[in-house]
Amino acid sequence: MAEISIVPIEAPRGTLLSAALRSPSFVTGAIVTAIFVGVALLSFVWTPYDYAALDIPHKLRGLSGEHWFGTDQYGRDVFSQVIVGARTSIAVALIAVGLGVGIGTPLGLWAAAKRDTIFDELIMRANDLVFAFPALLIAILITSVAGPSATNAVIAIGIFNIPVFARLSRAAALSLWARDFILAARVAGKGRARISIEHILPNILNTLVVQITIQFSLGILAEAALAYVGLGAQPPTPSWGKMLADSQTLVGLAPHLAIIPGLCIVFTVLGLNLMGDGLRDIFDPRLQRSRQ
Amino acid sequence: MSLLRVSDLRLGIGETPILKGIDLSVDAGRILGVIGESGSGKSMTALSIMHLLPTGTRPTGSIRLDGQELLDKHDRDMCTIRGKDIGMVFQEPMTALDPLKTIGAQVAETILVHGGTSQRAALAEADRVLGRVGLPADLFPRDRYPHELSGGQRQRVVIAMAIAMGPKLLIADEPTTALDVTTQATILDLLRRLVDEDGMGLIFITHDLAVVAGLADDIAVMRQGEVVESGPTGKVFRTLAHPYSRALFEASSHVPVRDPSLPGGEPVLVVDQLVRDYRIPPRRLFGPAGTFRAVDSISFRIERGENVGLVGESGSGKSTLARAIMALEPAQGGSIAIDGEAHDAKEGASLATRRKLQVVFQDPYGSFDPRQRVDTLVTEPFHLLGREAPQGDERKRRIATALENVGLTAADAEKYIHEFSGGQRQRIAIARALIIEPSLIILDEAVSALDVSIRAQILDLLAELSDRLGISYLFISHDLSVVRSITDRVLVMKNGKIVEQGPTDEVFRNPQHPYTRELIAATPNLERALATRA
């Protein structure tokens, strides 16, 4: 029976990419995500109008050839705002997740390497403490001290991401520490830090990548939520959450002002979630087997 | 008429043929031993009989139980046959039981599924069956959970579940491979008794020739999806008509050729009064923490070029001792010195000391980082050389030498580990141990996971390397026949103590300690089994 239970941890190179291209959810998710990222990048070099330029006479126009997504209550071009807003949303989520991975993963690896010591306890209990507060509460705390801004939103969402990655890395690393090849590395005299970087980290990357896509979509939602309550990017910098908040009183008059940024959030999150789902399937050899 | 007749059973997964026309038959009250190495299709044959094959595979041919064709049966009908007419025992007793259900409930479940009885009657019946497999109710109450039982006792529960409905046929797939030798002996006795009492047929699948020789009435030797030889056990072993059966037989009793010149000279490893305690949680809140003494005042030495065996059953402290020698865990007392240099109590071993010591693990699949190339894997111990580690061409040359020493080629350095078979991986593990030219290699069950023919090759390789390079081995194993074939001296360990030590031949021929005697008697022995048959 032994020969059946052995699952290759790594698929041979090349097949990983072809497996990715055969996964419908990954391809769909990647295309949707690529469109939004592309549009956000485009906004750096080109927008149809200045997103902040007021044009009161043409306020609250509907969708037209002139203004693709219409105009808002100050006559600003909604399409320009949406693509510049994509920039804000994606940048906030990206940096926040980067903060979470950058701090959380080393903490988790360290805790796993120092398992059952005072360091492990301190790190993990501190994580529990952060987890106990909702992200919004942390954001309000931070902004009440430092004032509302996109940077503070990044910090708030980032702090919330740290325990997520710390816990995940620690759990994944702990199971690896029990493996013989880690023991072999210890016999070779490698220290715990070195083993964590050379052996543990490459082997938990799969898990991390999947979690990153999921946290990224949560980050976009969190940014929207913070902007909606006025704790995110400040005017005139547009963001999807702020556009939603501004459109609230005008929903009956100009529903497109709420629908368009709303749809943007839905599709970006959907795209990222699909991509995460697809990645999980691709990286999991057992799921691959059942799909064949 | 035979109880079970399998004829021309064929099976493929995708394009690959797995079974190529299997013919087998089992009579009531007899034991058929199916032997073969990994990939021979022995487990697949068993799963075909049970209709438990992975989805997408479709066997053809014929499987008749009591004249009834099983292959065309619908899965729904098979459910009434599985567990009732055919029982199955798996290899791993640790995972074959539901950890959240009591043993009584698990046995009763088999009885309830096949209907006709009340809960109360099923539990009473479960009591009776558990008594039959050697777990009497007064000693092992029905409300015990699997984790409260030892491996052998769990395997008894699994057997009880399999025989609860009085099946006509029992299939046991490597049922004793995961167990200690003394436990294995009792489980084999139990199976034999149940077959004799109930008159059921038993298919006993194993890779171990010695076990089959002592137990089975008939034998089928499988290789690459085919039965190459079958017949009554005595006759098969006498004639060994097929070259593969002969090769298998020779590999099982293989003794590597060793340089007879006695090793000697300065000691490589000196262990003196070593103590290793584990902390165990306090019994009551804020009570004092207890300790468990896993290694209890052990002293021994290994001389240059000497191969020393360390045998004992699971829980005897062998692996703990090995980890202490490797300075992976601190000792609580005594000392360990390698090439005259003692481990520091606090810092463990210095890089210079670690350089003289390497290790080869049991599992060829778990002992390599799957994301690194063979050259990186093999040169891992170069870390111990610090700045003196070879670079560039010298590094390449050392890798090539190490790989060629173990029978691989220099070109293998650029491959990834998943491109190698289990036996090749174990060679790479040995190459990794050899590359910094250590004085002592700890072989922790290094050949236990390998097929017999591969195991013979690896043993030859180890013997040759030891003679040529003057390396000492500490050979840790539960398999006494392997230890006997490759070591000069043997240490027998029980409950953290060495109960007997001496030259291997002497200890095996004339064991002094009762535990050593018990171990040797319980170990399946091919020659002895065949002698009693003749």
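**View 1. Burial and overall form of chain B.** Of the 534 residues of chain B, 45% count as buried, a residue being buried if 20 or more other C-beta atoms, placed from the backbone, lie within 10 Å of its own C-beta atom. This is a predicted model, in which local features need pLDDT of at least 70 and side-chain atom pairs count only at pLDDT 80 or more, while totals for chains, interfaces and linings use all residues. Residues are numbered from 1 along each chain as its sequence is written, and chains are lettered from A and ligands numbered from 1 in the order in which they are written. The pLDDT (the predictor's confidence in each residue, from 0 to 100) averages 87 in chain B, with 98% of the residues scoring at least 70. The model has an ipTM of 0.70 and a pTM of 0.77. The C-alpha trace of chain B spans about 75 × 60 × 45 Å along its principal axes.

**View 2. The contact between domain 1 and domain 3 of chain B.** An automatic or database domain assignment divides chain B into domain 1 (1–85 + 171–246), domain 2 (97–164) and domain 3 (267–271 + 302–533). To the contact, domain 1 of chain B gives 17 residues and domain 3 of chain B gives 16 residues; two residues are in contact if their C-beta atoms, placed from the backbone, lie within 7 Å. On the side of domain 1 of chain B that touches domain 3 of chain B, two or more residues each come from helix H6 (181–198), helix H7 (209–215) and helix H8 (233–239) of chain B. Helices (H or I, at least four residues) and strands (E, at least two) are DSSP runs, numbered from the N terminus. H7(B) provides the largest share of this side of domain 1, 5 residues.

**View 3. The contact between chain B and chain A.** Chain B contributes 26 residues to this contact and chain A contributes 22 residues. Helix H11 (351–354) and strand E16 (357–360) of chain B are the elements that give two or more residues to the side of chain B that touches chain A.

**View 4. An open antiparallel sheet in chain B.** Four strands of chain B form this open sheet in the order E12-E11-E14-E15, with antiparallel pairing; two strands pair if DSSP finds at least two bridges between them. Strand E12 (290–303) and strand E15 (341–342) of chain B are at the edges with a single partner strand each, so one side of each has no neighbour in the sheet. Strand E14 (residues 333–338) of chain B runs antiparallel to E15(B) and is joined to it by 2 bridges. B:Ile338 stands opposite B:Glu341 in E15(B).

Technical notes:
Buried ≥ 20, exposed ≤ 12 C-beta atoms within 10 Å, placed from the backbone.
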